[in-house]
Amino acid sequence: MRDARTESLRPNPRDRVRSRRESFWSIIETRQSSLTIVPLLLLAGVFCFLFLNRGALYYDEGIYAQVAKETVAGDHWITLHWNGQPWFHKPPLYFWITALLFKVFGPSEGLARALSALAGVGGVTLSYLIAKHLYDRTA
């Protein structure tokens, strides 16, 4: 038979997970964290988005842009194509999002690079939040 006193003294593992989750999200809500992360995001955004339309596309960027353009032009959203041939070299999510950007705004070099730049800013943000969580101070 279980004793109610000893049962209440045992820590519930779910409480520990819940408190970790709550403490992680409380990092974002603190004022000091927001004062640090805003300039960091601005700086990352400037470096990632400033030169999107300058210079020619690199070889792989050109291929990825062409795959997205052919997705929009041919309406082949499931099977990706490059130079009219099925192309299964990469996972399709990146190309689908780029194709949606091309469909809404029209194809351009800046839009071909925009998703990569946004992922770069997201990577900086995620790195900051992980460091903040691990070291429990301003990173």
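This is a predicted model: local features need pLDDT of at least 70, side-chain atom pairs count only at pLDDT 80 or more; totals for chains, interfaces and linings use all residues.
Q: Where is Leu-40 placed, and what makes that element a helix?
A: Leu-40 has its place in helix α3, which covers residues 31–49. A helix here is a DSSP run of H or I with at least four residues, while a strand is a run of E with at least two, and both are numbered from the N terminus. Residues are numbered from 1 along each chain as its sequence is written, and side-chain values use heavy atoms, with hydrogens and water left out.

Q: Why is Leu-40 called partly exposed?
A: Its relative accessible area is 30%. Buried means under 20%, exposed means over 50%, and partly exposed is what lies in between (1.4 Å probe, protein chains only). Since 30% falls in that middle range, Leu-40 is partly exposed. Val-38, also found in helix α3, gets that label too, because its value is 45%.

Q: How far is Leu-40 from Thr-125, in sequence and in space?
A: Leu-40 and Thr-125 are 85 residues apart in sequence, yet 8.1 Å apart in space from C-alpha to C-alpha. For Val-38 and Thr-125 the numbers are 87 residues and 9.8 Å.

Q: What makes Glu-61 and Arg-113 a salt bridge?
A: Side chains of opposite charge can pair when their charged atoms come close. The rule asks for a side-chain nitrogen of Lys or Arg within 4 Å of a carboxyl oxygen of Asp or Glu. Between Glu-61 and Arg-113, N to O is 3.2 Å, so this pair passes the rule. Glu-61 sits in helix α4 and Arg-113 in helix α6, so the pair ties together parts that are 52 residues apart in sequence. The count by this rule comes to one salt bridge.

Q: Are the two partners, Glu-61 and Arg-113, buried or partly exposed?
A: Glu-61 is partly exposed, because its relative accessibility is 23%. Arg-113 comes out at 10%, so that one is buried.

Q: How do you know that there is a cavity, and what lines it?
A: Rolling a probe the size of a water molecule over the atoms shows where empty space is left. On a 1 Å grid over the protein atoms alone, a cavity is a set of points where a 1.4 Å probe fits but cannot get out, and lining residues have an atom within 4 Å of a point. Points are joined across faces, edges and corners, and the volume is the space filled by probe spheres set on them. The search of the whole structure finds one cavity of 30 Å³ or more, and the largest cavity has a volume of about 30 Å³. Its lining is Glu-61, Tyr-64, Ala-65, Tyr-94, Thr-98 and Ala-112. Helix α4 (59–74) and helix α5 (93–105) each supply at least two of the lining residues, and α4 gives the most, with three.

Q: Why is Asn-83 called exposed?
A: Asn-83 has 56% relative accessibility, so it counts as exposed. You'll find Asn-83 in the loop between β1 and β2 (85–86). Its phi is near 55°, a positive value in a residue other than glycine. Most residues other than glycine have a negative phi. Asp-75, in the loop between α4 and β1 (81–82), also has a positive phi near 55°.

Q: What makes the nonpolar surface patch, and how is Tyr-135 judged?
A: Leu-126, Ile-130, Leu-134 and Tyr-135 make a patch of about 440 Å². Patches use residues with over 30% relative accessible area and no salt bridge: like charges are joined within 9 Å, and nonpolar side chains (Val, Leu, Ile, Met, Phe, Trp, Tyr) within 5 Å. The areas come from the Shrake-Rupley method with a 1.4 Å probe, and for residues only the protein chains shown count as cover. Tyr-135 lies in helix α6 (residues 109–135) and has 54% relative accessibility, so it is exposed. By contrast, Leu-111, found in helix α6, is buried because its value is 16%.

Q: How many helices and strands does the protein chain have?
A: Six helices and two strands, in the order α-α-α-α-β-β-α-α from the N terminus on. Of the 139 residues, 22% are buried.

Definitions and conventions: On a 1 Å grid over the protein atoms alone, a cavity is a set of points where a 1.4 Å probe fits but cannot get out, and a pocket is an open set with protein on both sides within 12 Å along at least five of seven lines; lining residues have an atom within 4 Å of a point.
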